[in-house]
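Please look over the sequence and the coordinates shown here before reading the report that follows.

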Amino acid sequence: MPCQGNFEMATPLMYYFGHTNPAENIPLYKNYITNLAQKVDLRQEHDLNSLSSGIIVSTSGWIDGPGYDTLLDVIRLYSIDVVIVIGHDRLYSLLSTHATSSAPASSDPSNPPLTVVKLPKSGGTVYRSDSDRRRLRRTKITEYFYGKRSPSDLMTSLSSLSSATSTATSLQSQIESLPNRYSPSRIDLSLKNYNLLKPGGIQLPQSMMPLGQSMEKTSSAINELKLVPCPLSIDLEHAVIAVLHGTNTLHGVNATAPTLVTLSTLAESAGDGDPLQLLLSTNVAGFICVVKIDLEHDILTVLSPCPGHLPSTNILVGAIKWVE
Amino acid sequence: MIVGPHDSGKSTLSRILSAYATRLDRTPVLVDLDVGLGMLSVPGCIGAVPLDRNCFDIEVIFSLSHSHFSDAMSGQL
């Protein structure tokens with residue numbers, strides 16, 4: 001099993017945060033972490049083998065300030081009992097202190113004692129610059145839409161073609177010359193049939209706030225956790241946006257023919273008065289990427305992994321962009 | 001849970017641990033909270049996936065078959 005190994009996965013449960021840095025919207029990040037924890041718990045309850053196998057959590061590299069607080073939240077929410085700290089002495093000592101100070105008196109199974117393990121950083125790790133990261137993100141999205149070409153594909157195509165390939169071309173370029181595994185399709189979305197949403201609440205810098213007020217004191221935390229309709233604008237071009245599982249799919253209504261689920265009907269089906277809160281705990285069905293915007297007719301042309309209707313009418317906009 | 005600064009090998013370690021666990025016929029759930037460069041899907045996401053032996057394929061280096069509008073419902077993994 002190579003460590004760069006691959007996951008031929010069943011459907012993962014995904015939440016679309018929409019930024020590449022959790023610090024962009026901490027309440028939203030915490031909201032999704034909490035939701036994910038609940039769903040994982042729910043699944044573990046029904047699967048004894050899975051429950052005994054536990055979970056493995058990989059975190060982001062955000063470990064300072066609010067990032068550290070988020071780590072403590074994750075430990076609590078996922079009932080973590082072993083934390084492995086790689087190559088960071090200060091974080092290790094902070095977490096060790098936290099582990100000893102928060103040691104539970106009773107043997108409560110939902111709150112196990114915390115063990116902190118220190119690991120040296122492997123010599124094989126490579127520093128990735130910001131441009132490396134951008135490139136990798138780009139590649140990831142390309143792979144989502146077009147599929148990953150792999151050496152085994154090359155073997156199949158070579159054996160089927162049985163053509164003599166020049167030894168001068170490298171393996172990498174041969175792999176890149178393979179056809180795409182997936183073919184995404186372009187579809188037009190008439191926006192009057194869809195709820196285009198984004199997490200609201202604009203973070204104002206301190207200088208723009210009234211004198212003597214700070215963002216923390218105002219109701220900004222509530223606003224950040226609110227989904228607001230996203231107006232159609234040219235800013236949406238190339239945006240990678242997530243299609244959420246709608247309540248129409250949840251209730252087993254024919255998912256291939258999306259009916260217009262307005263926010264008010266969502267509220268009715270949810271049974272509580274906050275439809276936006278419901279959508280914030282909704283996971284992602286798939287991703288689409290905006291390729292063209294028709295502002296006059298409110299039509300969004302998107303690249304979709306599969307042809308036909310989207311499975312839901314609720315679309316969540318983030319800040320991730322991708323240019324083909 | 002695996003924590004550490006950027007580029008310290010967190011994803012790699014979690015993959016190694018997942019591979020060991022599945023070889024012992026365990027079925028752990030892998031949770032990836034890295035929105036920067038997650039393992040499971042496009043950037044900007046957090047997610048979880050249940051793993052078993054079939055998830056690891058030596059032939060293919062890295063391919064993601066993440067939900068192309070699959071009909072999995074919210075609440076299930």
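## Aromatic pairs

A:Tyr15 and A:Tyr32 are both buried in this model, which is predicted rather than experimental. The two rings form a stacked aromatic pair, with 5.4 Å from centre to centre and 25° between the planes; the angle falls in the stacked class because planes under 30 degrees apart count as such. Since A:Tyr15 belongs to strand E1 (residues 13-16) of chain A and A:Tyr32 to helix H1 (residues 26-45) of chain A, the pair ties together parts that lie 17 residues apart in sequence.

A:Phe17 sits in the loop between E1 and H1 of chain A, whereas A:Tyr29 sits in helix H1 of chain A, so that the pair links distant parts of the chain, twelve residues apart. A:Phe17 counts as buried because its relative accessibility is 2%, and A:Tyr29 counts as buried because its value is 3%. Over all chains the structure holds six aromatic pairs, and one aromatic cluster is formed by A:Tyr16, A:Tyr144, A:Phe145, A:Phe287 and A:Trp322.

## The seven-stranded sheet

In chain A, seven strands make up an open sheet of mixed pairing, and their order across the sheet is E5-E10-E9-E8-E11-E6-E7. Strand E5 (185-190) and strand E7 (227-229) of chain A are the edge strands, each of them pairing on one side only. From one strand to the next, the twist averages 40°.

Helix H5 (residues 130-146) of chain A packs on this sheet, where it touches E8, E9, strand E10 (299-304) and strand E11 (314-321) of chain A. The direction of helix H5 makes about 100° with that of E9(A). Within the sheet, strand E8 (residues 239-244) and strand E9 (residues 284-294) of chain A run antiparallel and are joined by five bridges; A:Val240 stands opposite A:Cys289 in E9(A).

## Cysteines

How many disulfides does a search of the whole structure find over all chains? The search finds zero. A disulfide is a covalent bond between the sulfur atoms of two cysteines. For A:Cys289, the closest cysteine sulfur is that of B:Cys45, and because the separation is 14 Å, the two are too far apart for a bond. A:Cys289 counts as buried because its relative accessibility is 2%.

A:Cys306 is likewise in no disulfide, and the nearest cysteine sulfur, which belongs to A:Cys289, is 15 Å away.

## Chain A as a whole

The secondary structure of chain A comes to eleven helices and eleven strands. Chain A has 324 residues, of which 42% count as buried, and the chain exposes about 16700 Å², with carbon and sulfur atoms supplying 56% of that area.

When contacts in chain A between residues at least 6 apart in sequence are considered, 76% of them join residues at least 24 apart.

Methods. Residues are numbered from 1 along each chain as its sequence is written. Chains are lettered from A and ligands numbered from 1 in the order in which they are written. This is a predicted model: local features need pLDDT of at least 70, side-chain atom pairs count only at pLDDT 80 or more; totals for chains, interfaces and linings use all residues. Side-chain values use heavy atoms; hydrogens and water are left out. Two strands pair if DSSP finds at least two bridges between them. Helices (H or I, at least four residues) and strands (E, at least two) are DSSP runs, numbered from the N terminus. Axes are lines fitted to C-alpha atoms, for helices over the stretch in contact, and angles run from 0 to 180 degrees between N-to-C directions. Contact means heavy atoms within 4.5 Å. Rings of Phe, Tyr and Trp (its six-membered ring) pair if their centres lie within 6.5 Å; planes under 30 degrees apart count as stacked, over 60 as edge-to-face and the rest as tilted. Buried means under 20% relative accessible area, exposed over 50%, partly exposed in between (1.4 Å probe, protein chains only). A disulfide is a pair of cysteine sulfur atoms within 2.5 Å. Accessible areas come from the Shrake-Rupley method with a 1.4 Å probe; for residues, only the protein chains shown count as cover.
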